[in-house]
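Biologist: Please pick a single part of this model and take me through it closely. I'd like to see how it sits in the whole.

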Amino acid sequence: MSKLAYFDQFVNRHIGVNASETEAMLQAIGVETMDQLIQETVPDNIRLTKDMDIPDAMTEFEYLQELKTTAAKNKVFKSYIGMGYYNTITPSVISRNVFQNPGWYTQYTPYQAEIAQGRLEALLNFQTMVSDLTAMPIANASLLDEGTAAAEAMTLFFAAKNKRNKGESINEFFVDQGVLPQTLNILLTRAEPIGIKVIVGDWKTYEFTDKTFGVLLQYPNVNGAVEDYRAFAEKVKANDLYLAVAADILSLAILTPPGEWGADIVVGNTQRFGVPMGYGGPHAAFFACKEDFKRQLPGRIIGVSVDTQGNPALRMALQTREQHIRREKATSNICTAQALLAIMASMYAVYHGAEGIRAIADRTHFATQYVAKKLVELGYELTHDTFFDTIGIKSTDHTTIQELALAAEMNFHYQENSIHISLDETVTKSDLEAIIQVFAKAKSQIFGKLHANGARTYSIPENLVRTSDYLTHPVFNQYHTETKMMRYIKSLENKDLSLTHSMIALGSCTMKLNAATQLIPVSWEAFANIHPFAPLDQTEGYQQIFKELEAYLSEVTGFTACSLQPNSGAQGEYTGLLTIRAYHASNGNHHRNIALIPSSAHGTNPASAVMAGMKVVVVKCDERGNIDVADLKEKAEKHSDNLAALMVTYPSTHGVFETAIKEICGIIHQHGGKVYMDGANMNAQVGLTSPGAIDADVCHLNLHKTFAIPHGGGGPGMGPICVNDSLAPFLPKHSLIETGGEQGIHAVSAAPWGSASILLISYAYIKMLGKKGLTDATKYAILNANYIKARLEDKYDVLYVGDKGRAAHELILDLRPFKSLVSAEDVAKRLIDYGFHAPTLSFPVAGTIMIEPTESESQDELDRFCDAMLYIRAEIDEIANGDFEKDNNVLHNAPHTLQLVASDNWELPYSREKASYPIQYLRSGSKFWASVGRVNSAYGDRNLICTCPPIESYETEAVES
C-alpha cells in the first residue's frame, strides 16, 4: 500500500469475515484456500478468465467528495410540472426516524408476522388512509407506481369479465384522453401481449360496444380539470362494465371520492404525502377496490387476526392469491412493492391527521386559485375553470414564457396549445409572486406584491365538494406533537427484527449490509427534489450516474446494453421477456410464444411469462435439483417451431451451479429461442462468471439483493435488465423522455429510469468496492454458505449440492425427516426465540428452509445461527425421545413472548428459561422478543379486516380454533 493510500477501505467494512476467520472457516470446510473452494464450486467452463473492466475501489470519503461534484451538475429548479409528481414536505420526525433509520429500511417483507408487527401496523394504517380517502372498503399495502396500478386494474377487470365467458374475448378497455400519458404508455405495454385493445377517447362522447369491459378515468384529469363523472359512472354500471379511477390522493381531502360515485377500483400515488420526487421514485402507489375483488387484488394485503393467546395480531392476508402460489394461473406478477414509502406516507397521515391533510389540500388549492385569478387579470385565458392544484393557460407560442421561466429557475408543463402550472404544499408567497411575474413580463406588464385572497370558495363544482369524514381512527388523531410521533414510530420499530439485530439468512433474498454511505446521498436535495420529467439539461448529474451504472452492470453481466427502467425484480423479468417477444416479432416470428420454465423456478417466472403473452411449459428437475437436460431437450424439440424462451435461474433456485448450463442454453438457441436468466442469485456470480459467460441473452438484476439497495420491509427494489446485441434495440422507451432502444417496447414504469434516486445506492456499492471488492464479496458469500453447510450437515440433511459437494451462496436444509414430530414452520418460529429471522421457508421445496448468509456476516454471527440450529435439533430429539408431547413443546409453542413468560400462569411442560433463554448468547442483554405469539392466519382470512379496526374490537373474546 502506498504511504498516501487511505487505510480505511470499504471492502473491509462490507465483508464481515476477517483474515484469521477466513483461514479457520476454510479449514472447517475442508479446503486449503479460497481459490480451491471457488474451483470446487463454480464450473471451470464458465469461469471468467480476466478481471472485470470496472474501476478500482474508492474510499467512502473519496466517493462522497466525488459525488458532491456530480450532484452539482443537477439543477434543482422549482417544479410546477405536476403530472403525478409534486414537491412535498417530509416531516423531519419521519425523515429521521423512518427514511434514514436502518431499523426500518433493513427489514424484510413481513412473512414472519410475529417479528413484523410494527411495519404491519404502519402498513395497515396506509391501507386505512387509502380506504378512507378513496371511500373504498379495501386497499392493498402499495404497488410500484400509478401507471402499474392502473394496468393491474385493467388486467383484473379483463380477467373478471372473461372468467366465465365462453365466446370471443371481451377485450376493449376505454381510456379517457385525460389520463396521464405515462399511465397510458404502461397500459399499452400490458395490453397488447394478452390481447387487450386500448381505446383512447373523450369520455363525454364515447359509446360503449359489446367488446368493452372497463373504463379508466383521471380525477382531476391530466390538465388539472375537475370533471363531474357521476352520470358517466351510472352509464358504465348500466352497461355492466367496470370503472377504474386514477385519483390524486391529496385532492380527495376536498373532492367527493370516487368510491362515492361508482368506482370499482381507485388507483394513484401517495408520493405527495411526504415522499420526495427522487427523479421518479421510489414512491408508494395505491390500489383500492370493492369487496368483490378482494381475492383478485394484486400485491400485499395486511389483515387483522389473533395469536395463540387470543391477542390481536396482524399478518399478510389471503396469501393464496399471490403469484408464488398461483404461478402461471396468476394475473399479476407483483412480488414486492413499496413498503418503506407506504410507511412514510402513512406516517405523514398519522402526523397531520384529517385536519392537517385538509389544511394542506386547502392551502394548495387556494394558492392555485390565486395564481389563476391573477393570470386572468393579466389577460390570460384558462383552459378550464374547475381545478384542484393545476391550471392550464391557453398558449400557442410558449417561447417567451418558457425562456422567462427557465431564467427564474422554474419548470412548467408545456403542451401543444397550453401551459400548465401545478402547485403543491411547498409553495411560498414569494413563489406565487415569481410565477405571476413571469407571465406579467411576457406581456410587458408589472406585477406587484401578493395580497390576501379574500373570500374562500372552491374552484370546483359545488356538488363535488367532499362532505364525508376520513382519517377518523384514533391512530390518525393522537400523534400530532413530535414527542408523541417520535415515540409512536419507535414503538413500532421496536416490534420488528431487522439487520440491526441479527443476520437475516433468507435464501434467494440476499439480505446484505446496506451501508450508510450508500444511502446518505438519496436524501440530498440535488437528487431528492428533481421531477422525473425535468428537462435533461437540468439532470446532467443523474445522466452521468446512469451512463456509468449501465456500463458497470453490462460489464458485470457480460452483456452490451442495459435499461434501468424496471422498478422491481418482477418488472425486470417481465421487461426481459417483452424484449424477447419484440425480437421474435421483428423477425416475423409472432408465433413464437412458448416459454420453458424449470419446475423449481420462482413463482414470478411463470406469472411474468403469461403476462408477456407466452404459454408456459414446465421442465422437470432431476433428483439432484438440476434441470433434467433430457426433458428439456425433448420439450425444446417438441416446441421448436414456437419456442420463444427459456427462463432459468443461475445458480439454480436450489443453490447449485449446474454444470450443464452452457449445454442447456445451447439447446434453446439451436431451436430458435432466447435464454432469459433470472438474476435472483447474482450474488454468487459477480466477478467469477456472468450471464453472458453461460450464453444467456438477457437477465434482470435485483439491485435490492446483489447491489445493496435495502429491502425496506417489502420494497423498494429495482430490477434493471441487461441484454446482448440482439436484444438491445428493444429496450423500453418512455412517452415523455427520450430513452431506450431504436425499436424499443413501450414503457414498463411510470418514470423513465424507474425509482431513480435509489440507483445511487447500487452505484455507490460498485464504486466503493471496485472490481476486486465486488469479486471478493462473491467469494465470501460462497465461503459463508459453505461454512454453515459444514457446521450443520451432520445434524441436518443438505438437500442439494454441486458435483464436488459444494453449495453456491445458499443451501437448503431438509426438515421433512422430522415432519412426524415438528413442521418446518415450527423450526422457523423457534428461531425467533433464539433471536433470528427464519430462513426462506418451504421454497423452493416444501418442508425445507433455504439459508443465505451473504458476505456481510462475521464468523461469530454465523456461529450463533449455527448454534441455534444445533440446539433446535437437540430440542427435536427431545420430542423424538418422548420428553415432550408432539403438540406441547418449545417448537410447537414458539415464539414465546415476554408477556407469556412473565405471566403468573405458566402451565407449559418446560421451564421459562428453556422457552426464552435456551442458549448462552441470549443472556448478554440483547434478547429480541416477539411482540405476539404465533399468528393464526386462517382465523384472519376467515374474518378479513384490512383497515384499522375500532378500539373496541381489540377486546377479543375467546377465539374459535
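Modeller: Of the contacts (heavy atoms within 4.5 Å) with a separation of 6 or more, 77% join residues 24 or more positions apart. This is a predicted model, where local features need pLDDT of at least 70 and side-chain atom pairs pLDDT 80 or more, while totals for chains, interfaces and linings use all residues. Numbering starts at 1 along each chain as its sequence is written, and side-chain values use heavy atoms, without hydrogens or water.

Buried residues (under 20% relative accessible area, with a 1.4 Å probe and protein chains only) make up 63% of the 961. The protein has 28 helices and 25 strands (DSSP runs of H or I, at least four residues, and of E, at least two). Its radius of gyration, taken over C-alpha atoms, is 28 Å, close to the 30 Å of the globule rule (2.2 Å times the number of residues to the power 0.38), so the protein is as compact as a globular protein of that length. Along the principal axes, its C-alpha atoms fill a box of roughly 85 × 75 × 70 Å.

Now for the close look. Helix α5 (residues 92-99) packs against helix α15 (residues 482-493) at about 20°, with the axes (lines fitted to C-alpha atoms over the stretch in contact) 10 Å apart. That angle makes α5 roughly parallel (under 35 degrees) to α15. On the α5 side, Val93, Ile94, Asn97 and Val98 take part, meeting Glu482, Met485, Met486 and Ile489 of α15. By class, this contact of α5 with α15 has six nonpolar residues, one polar and one charged.

Terms used: Axes fitted to C-alpha atoms, helices over the stretch in contact; angles between N-to-C directions. Parallel < 35°, antiparallel > 145°, perpendicular 65-115°, else oblique. Nonpolar A, V, L, I, M, F, W, Y, C, P; charged D, E, K, R; others polar. Buried < 20%, exposed > 50% of the residue type's maximum accessible area, 1.4 Å probe, protein only.
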